[in-house]
Structure formats: C-alpha cells, structure tokens
Amino acid sequence: MNLDECNEALRHNIDESIQSALELRKLLNEEREALERKDTMSLSDTASRKRLCVNELEELDNARATIARSCGFGVSPDDV
C-alpha cells in the first residue's frame, strides 16, 4: 500500500469506528432508560444490539491494526 492508500484506508476505518462508537453511546442511553423503566424486553433487545456493536468495534480495531502494520506502522499507543 502506498501512503495515500494507507491514509484512505485508515480514514475510512476511523470514520466507521466513530459511527459505531456513536451508535454504542445511543444504545447505552437506551439501556439506561430501559433499566430506569424496569423494561426487561427493551433491556434484552438493547443488550443484544449493544453486543453486536461492541463486536463491530472490536473487528474495526483489528482491521485498523492490520492496516497500520501493512503500512509499516506499529499498532500500540507507544508506537504513535
């Protein structure tokens, strides 16, 4: 991958990660509201959607690390 391709791949990955993080924040708010209402059906549904969102964030982080390595960058915070 050349530098422009690396930048574009990382930018796309970060954009997706931001969207997933915002979705997770929304789901956490929904979960809090369901807890306050003691609404077990909503709580169960929200928990399932939250798990999918967390899985997506983990996959995006793994993809980011792969992209970083393929571009010659390290993947830990110390490498930045």
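Is Cys 71 buried or exposed? Select Cys 71 and take a look: its relative accessibility is 18%, and since anything under 20% counts as buried, Cys 71 is buried. Keep in mind as you click around that this is a predicted model.

**Stop 1: the disulfide**

Now turn the view so you can look at the S-S bond. The angle about that bond is -110 degrees, which makes the link of Cys 6 and Cys 71 left-handed.

Next, check the cover on Cys 6. Its relative accessibility is 2%, so Cys 6 counts as buried.

**Stop 2: another cysteine**

Select Cys 53. This residue has a relative accessible area of 5%, so Cys 53 is buried.

**Stop 3: a charged patch**

Time to move to the surface. Select Asp 15, Glu 16, Glu 56 and Glu 59, and you'll see them gather in a patch of negative charge. Which elements give two or more residues to the negative patch? They are helix H1, which runs 3-37, and helix H2, which runs 40-70.

Finish by zooming in on Glu 16, which has its place in helix H1. With a relative accessible area of 32%, Glu 16 falls between the 20% and 50% cut-offs, so Glu 16 is partly exposed.

Key
Residues numbered from 1 in each chain as written. Predicted model: local features only at pLDDT ≥ 70, side-chain atom pairs only at ≥ 80, totals over all residues. Heavy atoms only, no water. Patch = residues over 30% accessible without salt bridge, like charges linked within 9 Å, V, L, I, M, F, W, Y side chains within 5 Å. Areas by Shrake-Rupley, 256 points an atom, 1.4 Å probe, with all protein chains shown as cover. Salt bridge = Lys/Arg side-chain N within 4 Å of Asp/Glu carboxyl O. Lys, Arg positive; Asp, Glu negative; His and termini not counted. Charge placed at Lys NZ, Arg CZ, Asp CG, Glu CD. Helix = DSSP H or I, 4+ residues; strand = E, 2+ residues; numbered from the N terminus. Buried < 20%, exposed > 50% of the residue type's maximum accessible area, 1.4 Å probe, protein only. Disulfide = S-S within 2.5 Å.
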